[in-house]
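Have the structure open and follow along.

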Amino acid sequence: MSNIISTRMLILGSGPAGLTAAIYAARAGLSPVVVQGIQPGGQLTTTTDVENYPGFRNVVQGPWLMEEMQAQAEHVGTKMVWDHVSEVDFSRRPFVVKGDSGEYHADTMVIATGAQAKWLGLPSEEHMKGKGASACATCDGFFYRGKKVAVIGGGNTAVEEALYLTNHSQDVTLIHRRDTFRAEKILQDRLFANPHIKVIWHSEVAEFIAGGDPEVLVGLDLRDVRTGAISRIDVDGAFVAIGHSPATELFTDKLTLDSDGYIKVETGTTKTSVPGVYACGDVMDKIYRQAVTAAGTGCMAALDAEKFLAAEEYEALAAE
């Protein structure tokens, strides 16, 4: 492969975590290279209104926010590359990363490949994304103050999101396929004690119902999994909470992952199981999953990598 790019820091992913890491690394003189991946800008590019990112009095658009982050990263010296990585080799340094368009040699690596929310896969659900269908209550719950909302799922995430939504709504419905939750008992106790949450058991969403002009979500058709009977409930917002899939396929057997496939990092740092490789953002965070926390860990990853390189340089000088 003739096209080889060498860098002191290679960053995989161009969401808030990856671009923040790039900004800090570039300002430290590391001339980072960002491989943008198949979704440049990350999940925020699919988000319309962003109302909780610090520094903006008014609502901003997700794609615009990511364009500004990228522009800042490039302004301070980051090289942006559009490529899809197919192979990584952490057994030697510089690390070797192979993409469809070239090969990358890196003294350090920051992994910011993110995670994707799992959806139900219904065509009507896809149509209603951003119009009432969401996969993040802490991101979008504010927009449904005083309205009827539903949460779909039965694990910790679903129960936590239902509880969170009671901060904004007094009419929260949790829809679950079974007659018991997988969530921790303490969360279930809190849910059953909350007068603003009702549960519909043995049911799955068959259809997201649109209405109005402009078109918004007005209801859900539910299918009883025992009888097949269809019933409808009126809702203004529906939150799919059936989990996330971290983009870690490349790193199986190369980095230590947890039982859910997220990259494990040393507590209080972004250090992975391989020295010189760091992980930030949603690929290592399955709890908060916010743009601002992703950006914060991106900053940490760049600082951790910078310290690693500085220590190596000091040891090399001391050995002379």
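Trp64 comes out as partly exposed in this predicted model, with a relative accessible area of 36%. That places the residue between the cut-offs, since buried means under 20% and exposed means over 50%. Trp64 belongs to helix α2, residues 62-75.

Gly62, Leu65, Met66, Met69 and Ala73 are its buried residues. Looking down the axis of α2, you'd find them within an arc of 95 degrees, so they line one face of the helix. As a general point, an α-helix has 3.6 residues a turn, so residues three or four places apart point the same way. Over on the other side of α2, Glu67 and His75 are exposed. Just past the end of α2, Gly77 has a positive phi of about 120 degrees.

| Element | Residues |
|---|---|
| α1 | 16-27 |
| β3 | 49-50 |
| β4 | 60-61 |

Now for the sheet. Five strands make an open, parallel arrangement in the order β10-β17-β11-β12-β13. β10 and β13 each have a single partner strand, so one side of each is left without a neighbour in the sheet. Strands β11 and β12 are joined by five bridges, and Val151 pairs with Leu174 in β12. Helix α5 (residues 156-165) lies across β11, β12, β13 and β17, at about 165 degrees to β11.

Notes
Residues numbered from 1 in each chain as written. Predicted model: local features only at pLDDT ≥ 70, side-chain atom pairs only at ≥ 80, totals over all residues. Heavy atoms only, no water. Helix = DSSP H or I, 4+ residues; strand = E, 2+ residues; numbered from the N terminus. Buried < 20%, exposed > 50% of the residue type's maximum accessible area, 1.4 Å probe, protein only. Arc of directions from axis to C-beta. Contact = heavy atoms within 4.5 Å. Pairing = 2+ DSSP bridges. Axes fitted to C-alpha atoms, helices over the stretch in contact; angles between N-to-C directions.
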